[in-house]
Amino acid sequence: DPIHIWEHLHAIRAERKEHFIALYLDGRHRLIHQETVSVGTLTASLVHPREVFGPAVEHRAAAIVVAHNHPSGETTPSPEDKETTRRLASAGRILGVPLLDHVIVTDKGHFSFRREGLL
């Protein structure tokens with residue numbers, strides 16, 4: 001549930017740099033591992049599927065959720081956010097570790113790619 005992700009990631013919501021977090025889940029969608037995949041500049045974060053899915057294989061995750069903060073406070077996804085989500089979802093399908101959601105978090109709220117029909 002995106003609200004649980006938003007609550008869980010309270011520490012990054014107000015960060016000045018973009019933090020990209022991956023949450024690795026077991027077969028019952030319980031958290032088994034969390035990793036900060038990247039910390040970007042004020043306006044950008046570069047994320048590669050191997051950095052996201054390497055730990056998924058290592059921890060034998062059944063599924064993943066990714067999330068990142070927007071330092072601007074704006075929850076609307078950028079074109080880069082949409083492309084990153086598309087690439088991660090595709091990699092997850094190939095590896096058999098589905099991307100369940102990508103959540104953008106800010107102090108004021110959140111955006112869920114799944115809830116908005118973008119995943």
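These notes walk through selected features of a predicted model.

1. Start with the strands. β1 covers residues 19-25 and β2 covers residues 31-39. The two pair in the antiparallel sense, over seven bridges. For a landmark, find H19: V39 in β2 stands opposite. Five residues lie between the strands of this hairpin.

2. **The buried side of α2.** Helix α2 runs over residues 49-58. Which of its residues are buried? They are P49, V52, F53, P55 and A56. These residues sit on the same side of α2, because they cover an arc of only 155° around the axis. What do they pack against? The buried residues of α2 meet β1, β2, β3 (63-69) and α3.

3. **The other face of α2.** The face away from the buried side carries R50, V57 and E58, which are exposed. R50 has a relative accessible area of 60%. The cut-off for exposed is over 50%, so R50 counts as exposed.

4. **R50 and L88.** R50 and L88 are 38 residues apart in sequence. In space, their C-alpha atoms are 9.2 Å apart.

5. **After α2.** R60 follows the helix. Its phi is positive, near 55°.

6. **A nonpolar surface patch.** Together with I94 and L95, V57 forms a nonpolar patch on the surface. The three have about 320 Å² of accessible area together. I94 lies in helix α3, residues 79-95. Is I94 buried or exposed? Its relative accessibility is 70%, so I94 counts as exposed.

7. **R13, a buried arginine.** R13 sits in the loop between α1 (2-8) and β1. Its relative accessibility is 15%. Buried means under 20%, so R13 counts as buried. What is R13 in contact with, leaving aside its neighbours within four places in sequence? The partners are W6, E7, N69, V105, T106 and D107.

8. **R13 and P49.** R13 and P49 are 36 residues apart in sequence. From C-alpha to C-alpha they are 23 Å apart in space. P49 is one of the buried residues of α2, and R13 is buried too, at 15% relative accessibility.

Key
Residues numbered from 1 in each chain as written. Predicted model: local features only at pLDDT ≥ 70, side-chain atom pairs only at ≥ 80, totals over all residues. Heavy atoms only, no water. Patch = residues over 30% accessible without salt bridge, like charges linked within 9 Å, V, L, I, M, F, W, Y side chains within 5 Å. Areas by Shrake-Rupley, 256 points an atom, 1.4 Å probe, with all protein chains shown as cover. Salt bridge = Lys/Arg side-chain N within 4 Å of Asp/Glu carboxyl O. Helix = DSSP H or I, 4+ residues; strand = E, 2+ residues; numbered from the N terminus. Buried < 20%, exposed > 50% of the residue type's maximum accessible area, 1.4 Å probe, protein only. Pairing = 2+ DSSP bridges. Arc of directions from axis to C-beta. Contact = heavy atoms within 4.5 Å.
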